[in-house]
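Subject: Structure handover and findings

Dear colleague,

Please find the structure below, handed over for your use. My notes on what was found follow it.

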Amino acid sequence: MPLISVIIPVYNTESYLRQCLDSMLAQTLSDIEIICVDDGSTDFSPGILQSYGEKDSRIKIINQANKGAGAARNTGLEAAAGEYVFFFDSDDYLKENALEDMYSRAQELDADICICNAQDFDSDSGEKLYHNYLRPPLPENETFNIDSFPEYFFTFTSSVTWNKLIRRRIFTDYAISFDSLRHINDVRGIFLAMARAKRIALVNKKLVFYRTNRKESLMNTYAEQADSVFMAYSGLKAELESANLLAGEQIRRSFNNKVWDIFIFTMRYCNSYADFEMYVNKLKNEWLGALEMQNLSKEYFYNADRGVQYEYLLSHSAGDFLFTLFCCRSDSGKKATQKAMRQKAKSRKLKRENERQNEQAEKLLADISALKGRVEAKDCKIEQKNDKIKKLREKSELKNAKIDMLQASLKKEREISQQQRCELKNARHQISKQASDISRQSAIIERQNRLLGRRLVRLAVKISAAAANIKKRFKHGR
């Protein structure tokens, strides 16, 4: 069983998906499974998933028709086997030690949930943006829950999924799942899990890099389904109340402050004044009443600006309320607005500078591309020459091999010839010796022959004399 199941819904994020997956595969905590749920992508995201799945067996790919991020998380949760689950977005990325730091903290304190901070950055310019996902006041104890920290339980962090490591048993034991809403589909799953946790721990480090200002992001399409916030939080409220988790005044105040913050936050995504007016009227005439938030004082809100905005909403038109969002603020709110405007101007300047640098970079890339083409042409010629040289070397090596064989054969023949010379020399020596012996024997025989000749002559003389005597006697005897 892996320590952590990372669940990543994927929908048309081909431009950012590789960076996301690379950051997962580079985690110092390696005992993880990465469940990628392709939610009916129409770009090249499925191909990227397949290539990464072939490279690393920890990546598991599930394909489904487009149902939204909430449904994709539920699909991944059903397939998860880890002790903890970590839901992530496919256009963001992690620090390499993120999962290890969060898991170590959770193990150290036996926490059901561990929450970290994050760094926002502009998708176009890359500029780091200020946003705090662990907002003071934070709990003093190392671990806490909805009972020990009720007053700020829903406001100290957001409902985003990607900065929370959650024990998987929380989801299975309490049958918790995510909404299938197009927007705000993380609220139910995250806040119900937090409300059920016995121990929650924090790692106040920016371990996640969250991409903002992405044109394709669902954050830019709130106006298409403006009631998503109301549907998400009214559903969450009903479930919390049925489980008796909103019984105290402090926890209810924390919940209402969170809901109001989200209502104000999502107003910025209205695409026109007509959308804004419809949103404000529904909020004032329907949603606040359904959420039992219609009779609150401005002191009820933790943020003074939010109190001012709440009072204006109830007593003024949508147009007047729009004015209060920018003008009728506390001094601290005005300072924050001025700071935001300065940051926005700085961001625009930086964006223009980035565009200029991008143009220069594109020109440089074109020059590099042309140079690369020339280098590749030269490389091709060099390669052809290398092929010729290789063939010549092969022929030369073949000839050298033949020469070596001939030299070896000649050497062998020389050795045989040398041996034969030695044998011939020995034979000559033997013959010379034998000739010498024959010569001596011939001399002896010749001497013997001469002696024999002389003896034969003497013998012949004697025989002749004897014959003469016999003849003489023969005559006398007759």
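Predicted model: local features only at pLDDT ≥ 70, side-chain atom pairs only at ≥ 80, totals over all residues.

Which residues have the most contacts inside the largest nonpolar core, and how many residues does that core have? The core has 67 residues, and Tyr233, Trp260 and Phe263 are those with the most contacts inside it. Helix 8 (residues 249-267) gives the most to this core, namely eight residues. Apart from it lies another core, of 39 residues, including Val6, Phe86, Leu94 and Trp162.

Residues are numbered from 1 along each chain as its sequence is written, and side-chain values use heavy atoms, with hydrogens and water left out.

A nonpolar core is a set of buried Ala, Val, Leu, Ile, Met, Phe, Trp, Tyr and Cys residues joined through side-chain atoms within 4.5 Å. Buried means under 20% relative accessible area, exposed over 50%, and partly exposed in between (1.4 Å probe, protein chains only). Helices (H or I, at least four residues) and strands (E, at least two) are DSSP runs, numbered from the N terminus.

Core and aromatic pairs

Phe263 touches Val229, Phe230, Tyr279, Leu283, Trp287 and Leu291, leaving aside residues up to four places away in sequence; contact here means heavy atoms within 4.5 Å.

Rings of Phe, Tyr and Trp (its six-membered ring) pair if their centres lie within 6.5 Å; planes under 30 degrees apart count as stacked, over 60 as edge-to-face and the rest as tilted. By this rule the count comes to 30 aromatic pairs. Phe230 and Trp287 form a stacked pair, with 5.8 Å from centre to centre and 10° between the planes. This pair links distant parts of the chain, since Phe230 is in helix 7 (residues 228-242) and Trp287 in helix 9 (residues 273-290), 57 residues apart. Phe230 counts as buried because its relative accessibility is 17%, and Trp287 is buried at 3%. The pair of Phe265 and Tyr269 is edge-to-face, because the ring planes stand at 65°, with the centres 5.8 Å apart. Phe265 is partly exposed, at 26% relative accessible area, whereas Tyr269 is buried, at 16%. Ring pairs also link Phe144, Phe149, Tyr152, Phe156 and Tyr302 into a cluster.

Salt bridges

A salt bridge is a side-chain nitrogen of Lys or Arg within 4 Å of a carboxyl oxygen of Asp or Glu. By this rule the count comes to 19 salt bridges. In one of them, Glu108 meets Arg105, with the closest N and O atoms 3.6 Å apart. These two residues are separated by about one helical turn, because they are three residues apart in helix 4 (residues 98-109). Glu108 is exposed, with a relative accessible area of 55%.

Asp112 and Arg167 form a salt bridge of 2.8 Å, N to O. Asp112 lies in the loop between helix 4 and strand 6 (113-122) and Arg167 in strand 8 (residues 164-167), so the pair ties together parts that are 55 residues apart in sequence. Both Asp112 and Arg167 are buried.

Glu292 and Lys237 also form a salt bridge, their closest N and O atoms being 2.8 Å apart. Here Glu292 lies in the loop between helix 9 and helix 10 (304-315) and Lys237 in helix 7, so the pair ties together parts that are 55 residues apart in sequence. Lys237 is buried, with a relative accessible area of 6%. Salt bridges that share partners join Glu83, Asp110, Asp112, Arg167 and Arg199 into one network.

A buried charge without a salt bridge

Asp39, found in strand 2 (residues 32-39), is buried yet has no salt bridge; Lys67, the nearest side chain of opposite charge, is 7.1 Å away. In this count Lys and Arg are positive and Asp and Glu negative, while His and the chain ends are not counted. The side chains of Asp39 and Asn66 are joined by a polar contact of 2.9 Å (a pair of N or O atoms within 3.5 Å; within protein, one must be able to donate a hydrogen and the other to accept it, and residues adjacent in sequence count only if both atoms are side-chain atoms). A polar atom of the Asp39 side chain also lies 2.9 Å from the backbone nitrogen of Lys67.

Yours sincerely
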